[in-house]
Amino acid sequence: MRASSSPCIVAGTTTTASVSGRDQQGQPIATGPVTWTSSNTAVATVDAAGTVTGVAAGNVTLTGTAGGISGSVPLAVTPAPALARLVLTLSTTTPRSGDRVTVTVSGLDQFNAPFPTPSITVTSTSPTVAAVQPDGSVVAALVGTATIRASVGVISASTDLTVSPGAPTRLSLVRPATGIFSAWRFSVQPQIAVIDAAGNRVVTDLGRTVTMSVPGGVLGAATSTTAAGVATFADAGVSAATGTATTLTFSATGLAPVEQAVIVAPFSFGGGTRLVGSEVRPGRYRSVNASGASCYWERLRNTTGSNDIIANSIGGGPRLVEIVATDVAIRTSGCATFTEVVGPATTSPTASFGNGVYLVGVDIGPGTWRADTPSTSCYWERLRNVTGRDDIIANFFGSTPAIMTILATDVAVGVSGCGTWTRVP
């Protein structure tokens with residue numbers, strides 16, 4: 001007797017086993033009822049009708065028996081096709097910001113044949129760089145690199161995507177102007193970037209002209225050209241008066257402009273030696289210090305250290321100095337910031353005051369003033385200027401109580417060691 005069957009089936013599918021009988025002469029003969037058995041039912045099973053079902057990958061022997069005579073046939077069971085890997089393809093791996101990237105995912109089985117891929121999940125390692133959309137596509141946003149991953153269960157595939165800037169659309173203020181003084185260049189010059197719709201700097205933007213405008217006009221250079229997407233102004237300022245609130249507007253052809261609201265501040269400078277005309281503007285300045293401080297300033301005709309001092313002064317409280325255009329430099333030590341005088345140092349022209357130098361008609365008013373605090377080293381001086389040179393109209397040194405009459409024609413008064421001065425009714 002001889003059994004027959006397909007030599008190979010896939011797990012999960014069926015085939016039919018059959019037998020044929022031969023007599024002693026080799027001629028066909030009826031077999032009668034056949035009983036089927038499988039050598040390993042974990043690999044394949046066979047029922048009474050000879051239907052063979054593949055269970056799992058492996059090899060098995062099927063045996064058919066009729067009338068005490070048996071015949072066998074080997075059968076190989078191969079694994080059922082299953083998803084083995086994913087193939088992920090992007091329409092581009094180097095999009096520009098704002099581009100939409102198409103994501104295509106296909107599945108292959110263990111035999112490298114196409115396999116259906118339902119329920120695919122697409123993710124991005126950096127959604128701010130490349131964001132996955134509801135339809136499975138990806139929109140490029142910020143400049144950078146993101147990994148796009150497609151997965152079905154534990155099987156996944158990934159591809160890197162690198163975003164470059166998109167088309168320039170507008171200007172952005174990356175470094176605001178600071179130190180905004182009247183008729184003087186900014187202490188820190190503004191930087192303006194060319195950016196795309198997502199805010200990426202367009203580093204390929206070269207040679208574009210960016211123009212600054214402001215009501216009342218720009219002092220110095222009003223334009224700058226871009227390099228690597230940034231325009232840095234070098235010598236710009238405003239002519240507006242101190243205290244003016246105004247707006248700097250930066251514009252370039254074809255791009256949305258950007259603005260910076262500013263308030264023109266009084267000019268100021270700190271300690272050390274600074275050149276007049278390039279680092280310090282000529283003018284009248286005040287430094288407000290503690291009453292017992294030793295604020296020292298000197299106006300210089302040169303910076304050689306030899307015969308250099310034009311005038312100097314030292315003392316506590318508010319200190320005044322007028323820098324003139326012919327000065328070469330100004331040196332200060334132990335003082336608070338010197339700020340251009342734009343208002344009084346006192347609460348009112350009749351308010352009491354202590355050590356310092358005060359402007360007549362601004363800080364204190366003309367009239368007779370009295371100091372009663374006990375002291376043997378009270379000093380006062382009426383001044384025709386605050387340059388420190390040929391400035392004293394009259395002065396006094398002695399004990400308190402002391403009386404000082406200030407005239408309306410005086411420019412300033414300086415006091416030290418007298419305690420508090422109070423206006424005489």
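Q: In which loop is the place of A183?
A: A183 sits in the loop between strand 20 (170-175) and strand 21 (184-185). Strands are DSSP runs of E of at least two residues, numbered from the N terminus. This is a predicted model, where local features need pLDDT of at least 70, side-chain atom pairs count only at pLDDT 80 or more, and totals for chains, interfaces and linings use all residues. Residues are numbered from 1 along each chain as its sequence is written, and side-chain values use heavy atoms, leaving out hydrogens and water.

Q: What is the phi of A183, and how is its accessibility classed?
A: Phi of A183 is near 55°, a positive value in a residue other than glycine. A183 has 44% relative accessibility, so it counts as partly exposed. The cut-offs are under 20% relative accessible area for buried and over 50% for exposed, with partly exposed in between (1.4 Å probe, protein chains only).

Q: Where is A228 found, and what is its phi?
A: A228 lies in the loop between strand 25 (223-227) and strand 26 (230-232). Its phi is positive, about 55°, although A228 is not a glycine. A228 is partly exposed, with a relative accessible area of 41%.

Q: Which peptide bond is cis, with omega near 5°?
A: The bond from T400 to P401. P401 falls in the loop between strand 41 (392-398) and strand 42 (402-406).

Q: How many helices and strands does the protein have?
A: It has zero helices and 44 strands. A helix here would be a DSSP run of H or I of at least four residues. The radius of gyration is 47 Å, well over the 22 Å that the globule rule gives for 425 residues, so the protein is more spread out than a compact globule. That radius is taken over C-alpha atoms, and the rule is 2.2 Å times the number of residues to the power 0.38. Along the principal axes, the C-alpha trace spans about 155 × 50 × 45 Å.

Q: What share of the residues is buried?
A: Buried residues make up 39% of the 425.

Q: What share of the contacts with a separation of 6 or more joins residues 24 or more positions apart?
A: Such pairs account for 59% of those contacts. A contact means heavy atoms within 4.5 Å.
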